[in-house]
Amino acid sequence: MGRIAPGRAPAFEFHVLGPLIVVKDGAELSMSANRELVILASLLLNANRVMSVERLIEAVWAGSAPPSAWRQVAICVSRLRRTLGAGLIETSSPGYLLRATPASIDWLRFRELVARSRGQAAAGEREDAVLLLRDALALWRGHPFEDIRGLRHDAERMTESRLEALETCLELEIELGRHHQVIPELLAFVAEAPFRERVRAQLMLAQYRAGRRADALWTYQETRRYLLEQIGLEPGPALRRLHEQILRDESALMRPPAPQAAAAAGPAPSQLPPRVLPFVGRDEELATLDTILGPSRASGVMVLCGEPGVGKTTLAVHWAHRQADRFPDGQLYADMGATGPAPVMDRFLRALGVRDMPADPAEKLALYRSRTARSRLLVVLDAAQEGDQVLPLLPGGSGCRVIVTSANPLDDLVARQGASRAFLRPLADDAARHLADLLVGGALGPQTVADLVVTSRGNPLSLRLGAARLHSRTGQPAA
């Protein structure tokens, strides 16, 4: 260690995010006495605050202190003062205080960087937030205070802070589209902290976005097996919901969250009901929807007509989920069979962020048209009975698209609004056989499939109800 220039205070660095290391003027000090290390660690974790002698005794002896504990603490502090120099550790009733700048203790630097990253993330600056978190995590060199029983709770608190920072960092990186890069780190994280369901969810999402759907589903099954074996519990609701979304290939999983500035007004509505699975056939109808409601059209309203149970809603919802990425301002859905347009208008306005609802129906309509004038929005109006139910709910923007399902042809809507219309037919024989085979073939055999196709006459709802009844009678599990 070199000479210190007269009048200059020694520069200290204290490293507690791993084995305790003290650096003075660039040179590491030898700190071998265990009790002195414990007292120094306690003072560092509470830098610039008074630590009572009782708390120092508890940290050193963890509940089994000898009668001479007070005197031994004083001796240890005296030795620390000789090692570190006078003035660093002060006597302050009812104990001692260590004077240090936050920049000289890596634990305090870590906390400061994490706090700054939160501010950057809240402002929508994800890239800057990630850089700050990576700098904070790089300060860690191992497990703090591994051999100090009296600081066990402090060590657990510090480790939990590191894990939370790493979780946040990886989540931000997934949002930035780095799902491929973070998968190896997430696999190691799961091995380190196997009970953290948030990490397992991040791994599943990263695998799914990287095109590894089977790996994502395997991760869920492995998580479920581990939790049942270790603690006898099923995965939590968030993890179960993500599993269901992956099974359904929900398009929302591929979209990163909206920037914070846009999110301040509230999330975009996503009101679509779940897709009915399995879904077969309807290639021509899907192609028609792609054309009529395509981005090249100035506007688009599509009416799907047909007999009850023919699959109008199933087709509309399937197409809507498949095309959800085209409508970043949201997807609105309403079952018109049990309500009129007025309550639906109120629900839609609230979903679009309106809090002060006007009382006059004409003002509501004007507000709805204004809110949707420059939006890219999808509206699904299910089971409409007449055109007058639908007209007030048509959005005003050319970037919006509307699907209406009805058992009636809705001639007035076609005539007055120029809506396109498709009459949905029962499933073709090959598609009906495929659906029946998926529902009952593996369990009940080909003859049952053939009988089901004949009795349903290609009506998907009749086919599904028949399959459910067959499974109920035979006791076989449904597909």
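A residue is buried under 20% relative accessible area, exposed over 50% and partly exposed in between (1.4 Å probe, protein chains only). This is a predicted model, where local features need pLDDT of at least 70, side-chain atom pairs count only at pLDDT 80 or more, and totals for chains, interfaces and linings use all residues. Residues are numbered from 1 along each chain as its sequence is written, and side-chain values use heavy atoms, with hydrogens and water left out.

**Exercise 1.** Classify Phe-195 and Tyr-226 by relative accessibility.

*Solution.* Start with Phe-195: its relative accessible area is 44%, so Phe-195 is partly exposed. Next, Tyr-226 has 19%, so Tyr-226 is buried.

**Exercise 2.** Classify the ring pair of Trp-107 and Phe-110.

*Solution.* First, the rule: rings of Phe, Tyr and Trp (its six-membered ring) pair if their centres lie within 6.5 Å; planes under 30 degrees apart are stacked, over 60 edge-to-face, and the rest tilted. Here the centres are 5.9 Å apart and the planes make 15°, which is a stacked pair.

**Exercise 3.** Find the charged end over the ring of Tyr-226.

*Solution.* The test asks for NZ of Lys or CZ of Arg within 6 Å of the ring centre and within 35 degrees of the ring normal. Arg-200 passes, with its charged end 5.5 Å from the centre of the Tyr-226 ring.
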